[in-house]
Amino acid sequence: ILLGYYYLQKQDYLKHAIVLVSAVFVKPFALAFAPISLIKSDRFSIWIKYIITTSVIFIVPLIVISWDELIWQYQNWLDLLKEDKAASTGYSLKAILEGLNLSISDRVLDLLGVFLLVLPLIQFKKYDQDKFAFNFMCSALIYMVIFNHKAESPTFVIAATGALLFLISSINKNLAIALAVGTFLISVLPS
């Protein structure tokens with residue numbers, strides 16, 4: 001995500017797309033960073049590069065396996081992701097809510113997370129584009145852990161990085177400190 005942000009800011013959209021799409025193929029939560037391209041004036045070009053890069057990465061395994069095997073692999077991956085969600089909740093927001101005897105459906109929690117992540121995009125024109133992109137990257141890093149149903153202690157460094165970067169660059173230090181403490185309590189302390 002950090003490297004994808006770097007390439008996005010350098011306007012090297014092909015490298016940005018390669019990094020982001022590769023990350024999504026490894027861990028789908030990396031998709032959380034894709035909406036940042038919506039604030040860029042070249043968003044159409046970026047999304048074309050996302051589509052092309054996704055297509056290429058999708059078919060690269062055809063070098064060593066057949067089309068049927070490739071479809072079978074991707075179907076297994078999707079099935080694993082579906083079953084994986086039901087298997088456990090890791091150190092996630094869902095686990096915290098369940099620990100407090102608060103039940104919320106996975107779908108509602110997922111939609112709430114996505115809504116909270118993209119909500120700032122509504123008013124991005126009110127902010128400096130570079131600063132907004134940086135803050136969105138920080139938010140995406142935190143989102144990727146807090147709303148990940150299988151968050152594990154090794155991944156907490158992702159949320160901690162987002163909170164720390166926001167804290168270091170924030171003008172509103174009180175908000176930044178609250179975010180850092182909240183991230184620490186939700187993602188680092190349980191480990």
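## A pair within one helix

By about how many helical turns are Trp-47 and Tyr-50 separated in helix H3? In this predicted model, Trp-47 and Tyr-50 are 3 residues apart in helix H3 (residues 43-59), so about one helical turn separates them.

Now look at their rings. The centres lie 4.9 Å apart and the planes meet at 80 degrees; since an angle over 60 counts as edge-to-face, that is the label for Trp-47 and Tyr-50. Trp-47 is partly exposed, with a relative accessible area of 35%, while Tyr-50 is buried at 5%.

The structure holds 10 aromatic pairs. Another of them joins Phe-25 and Tyr-74, with ring centres 6.2 Å apart and planes at 65 degrees, so this pair is edge-to-face too. Phe-25 belongs to helix H2 (residues 13-26) and Tyr-74 to helix H4 (residues 67-87), so the pair ties together parts that are 49 residues apart in sequence.

Phe-25 has 22% relative accessibility and counts as partly exposed. Tyr-74, at 15%, counts as buried, because the limit for that class is under 20%. Both residues also belong to a cluster linked by ring pairs, together with Phe-58, Trp-67 and Trp-77.

## The largest pocket

The largest pocket has a volume of about 730 Å³. It is lined by 22 residues, and the closest to its centre are Pro-120, Asn-135, Ser-139, Phe-166 and Leu-179.

Helices H6 (106-118), H7 (129-146) and H9 (173-188) each give two or more residues to this lining. H7 gives the most, with 9 residues. By class, the lining has 16 nonpolar, 5 polar and 1 charged residues.

Note on methods:
Residues are numbered from 1 along each chain as its sequence is written. This is a predicted model: local features need pLDDT of at least 70, side-chain atom pairs count only at pLDDT 80 or more; totals for chains, interfaces and linings use all residues. Side-chain values use heavy atoms; hydrogens and water are left out. On a 1 Å grid over the protein atoms alone, a cavity is a set of points where a 1.4 Å probe fits but cannot get out, and a pocket is an open set with protein on both sides within 12 Å along at least five of seven lines; lining residues have an atom within 4 Å of a point. Grid points are joined across faces, edges and corners, and a volume is the space filled by probe spheres set on the points. Helices (H or I, at least four residues) and strands (E, at least two) are DSSP runs, numbered from the N terminus. Ala, Val, Leu, Ile, Met, Phe, Trp, Tyr, Cys and Pro count as nonpolar, Asp, Glu, Lys and Arg as charged, and the others, Gly among them, as polar. Rings of Phe, Tyr and Trp (its six-membered ring) pair if their centres lie within 6.5 Å; planes under 30 degrees apart count as stacked, over 60 as edge-to-face and the rest as tilted. Buried means under 20% relative accessible area, exposed over 50%, partly exposed in between (1.4 Å probe, protein chains only).
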